[in-house]
Amino acid sequence: MKLGRIAASNRASTARRTLVVRAADGDVAIVTGASRGIGRAIALELGKQGCRVAVNYASSSAAAEEVADQICKAGGDAIIYQANTGSKEEIDGMISTVVDKWGTIDVLVNNAGITRDTLMMRMKPDQWQDVIDVNLSGVFYATQAATKVMGKKRKGRVINIASVVGLVGNAGQANYAASKGGVIAMTKTVAREFSGRGITANAICPGFIASDMTAAIDPKYEEAILGSIPLGRYGQPDEVAGLVRFLALDPAAAYITGQTWAIDGGMTMC
């Protein structure tokens, strides 16, 4: 399938960043940070279910286009949209583009996140702020904009990808832990504020999920990491995506809101 640029009549700034693949009739979902890793698996899983998926990416358009193409081949529909999720203006532009294209938003998956790891005593102000802007403020901006659309039709599901680090903390990640802990708390607030409008909000906290980062872990540390996981292995991105699919689309999830789901092989169980 050939990927085509959007109509020239659209705003120039939007045309630079948005790619339309083809149209379908499923639920409309936005997945931030969807060009790789967990976000990629989530976008592909929702696409397989027939969703129309806005594949948000920060820098790699080629990777995002590949995700969009796979979604279309699986029977869904996709556009790609470049936006820094730490920017309210760029998030608002993405929300507007999706609504202009498909008329609504049914599912928002806030997945985009960055790390700037170092011990607190060495952490520079920009290392702190960069992580807070993307991981926490970005979730606020996207949720605020999307729930305005969802609220009008009294239907919608918000899924925030947090982290087990937001539950238990981690040395060298004060910024990341604070951002993910904030996402968990914000999720509960969104659930309380928007339940009357038919919108659910839940947080997922992945543990060690197989990725380029885990592949680069020194074997001498890997044994200790796996020893801390009762199931004795890394999780797979598809396993996180399966939980998102349930919370986003399954009718059985309609009565679940304000909850935090750890998917970590038992690492953080009490």
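Cys-72 counts as buried, with a relative accessibility of 4% (buried means under 20% relative accessible area, exposed over 50% and partly exposed in between, using a 1.4 Å probe and protein chains only). The model is a predicted one, where local features need pLDDT of at least 70, side-chain atom pairs count only at pLDDT 80 or more, and totals for chains, interfaces and linings use all residues. Residues are numbered from 1 along each chain as its sequence is written, and side-chain values use heavy atoms, with hydrogens and water left out.

On the cysteine side, the structure holds zero disulfides (a disulfide being a pair of cysteine sulfur atoms within 2.5 Å). For Cys-72, the closest cysteine sulfur belongs to Cys-51 and sits 13 Å away, too far for a bond. Cys-205 is buried as well, at 0% relative accessibility.

Cys-72 is one of the buried residues of helix H3, along with Ala-64, Val-67, Ala-68, Asp-69 and Ile-71 (helices, H or I with at least four residues, and strands, E with at least two, are DSSP runs numbered from the N terminus). H3 covers residues 61-73, and its 13 residues reach 18 Å from first C-alpha to last, close to the 18 Å expected at 1.5 Å a residue; the expected span is 1.5 Å times one less than the number of residues. An α-helix has 3.6 residues a turn, so residues three or four places apart point the same way. The cover over the buried residues of H3 includes helix H2 (37-48), strand S4 (52-57) and strand S5 (77-82), with contact taken as heavy atoms within 4.5 Å. Just after H3, Gly-75 takes a positive phi of about 105°.

Turning to the rings, Phe, Tyr and Trp (its six-membered ring) pair if their centres lie within 6.5 Å, with planes under 30 degrees apart called stacked, over 60 edge-to-face and the rest tilted. By this rule there are three aromatic pairs. One of them joins Phe-140 and Tyr-141, whose centres are 6.0 Å apart with planes at 65°, so the pair is edge-to-face. Phe-140 is partly exposed, at 39% relative accessible area. Phe-208 and Tyr-234 make a tilted pair, 6.3 Å centre to centre with 40° between the planes. Phe-208 lies in the loop between strand S8 (199-206) and helix H8 (212-215), and Tyr-234 in the loop between helix H9 (219-227) and helix H10 (237-249), so the pair ties together parts 26 residues apart in sequence. Phe-208 is partly exposed at 30%, whereas Tyr-234 is buried at 12%.
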